[in-house]
Amino acid sequence: MRGVLKIAGSIAVFSACAGFGFFAASEIDRRHRQLKALYAAFLLIQGDIRYRKSSLPEAFLTASKREGDFSAFFGGVAKRLYAYEADFEQVFCEELKKNMEESALKKKDIALLAQLSGMCGKMDETLQTTAFDWYLSQAEKEIDLLSTENAQKIALLKRMGILAGIFLLVLLL
């Protein structure tokens, strides 16, 4: 009976350590996925403005119809812009604060988005698409950097979780 409890406890300790490593790895990957989703959404918004000649509310409404982590954000911005509640920059920043609390984005990612809001609120189509070009280039640099860094970090975190589990098993047994 005592041997069965040792084995069950060992499995529980090892699983917890390995699970923590895999969870930490998934959180690092989550930021990368969210940045790619934002990149795709702003590419869609830029295309709507440039080629369909949509207004900002229309373009944000189109982006909100896509499934993803940020559809509520884009929908909130579009809804408030259609209601003329405030200017674009204020609406964008308020919705950004409200909807980005649960995201995996870092402060610098959110600051980049806030900077974008100040660049495209009261401009014509050409300047808006130029502002979106700027944001897309900045986001692409960050995504490329994360792509190279994350592969190493994810592998390391998974291995560290497994090794921590093995280390604790050796200590406990």
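The side chain of Ser 103 has a polar atom 3.0 Å from the backbone oxygen of Met 100. Ser 103 sits in the loop between α4 and α5 (107–120), and it is buried, at 15% relative accessible area (buried means under 20%, with a 1.4 Å probe and protein chains only). Beyond its neighbours within four places in sequence, Ser 103 is in contact with Arg 30, Gln 34 and Phe 70 (contact means heavy atoms within 4.5 Å).

A word on what you're looking at: this is a predicted model, where local features need pLDDT of at least 70, side-chain atom pairs count only at pLDDT 80 or more, and totals for chains, interfaces and linings use all residues. Numbering runs from 1 along each chain as its sequence is written, and side-chain values use heavy atoms, leaving out hydrogens and water.

Now for the aromatics. The structure holds six aromatic pairs (ring centres within 6.5 Å; planes under 30 degrees apart are stacked, over 60 edge-to-face, the rest tilted). Take Phe 42 and Phe 74: their rings are edge-to-face, 5.5 Å centre to centre with 75° between the planes. Phe 42 belongs to helix α1 (residues 2–51) and Phe 74 to helix α3, so this pair ties together parts 32 residues apart in sequence. Phe 42 is buried at 0% relative accessible area, and Phe 74 is buried too, at 2%.

How values were computed
Helix = DSSP H or I, 4+ residues; strand = E, 2+ residues; numbered from the N terminus. Buried < 20%, exposed > 50% of the residue type's maximum accessible area, 1.4 Å probe, protein only. Polar contact = N/O pair within 3.5 Å; in protein donor to acceptor, adjacent residues only side chain to side chain.
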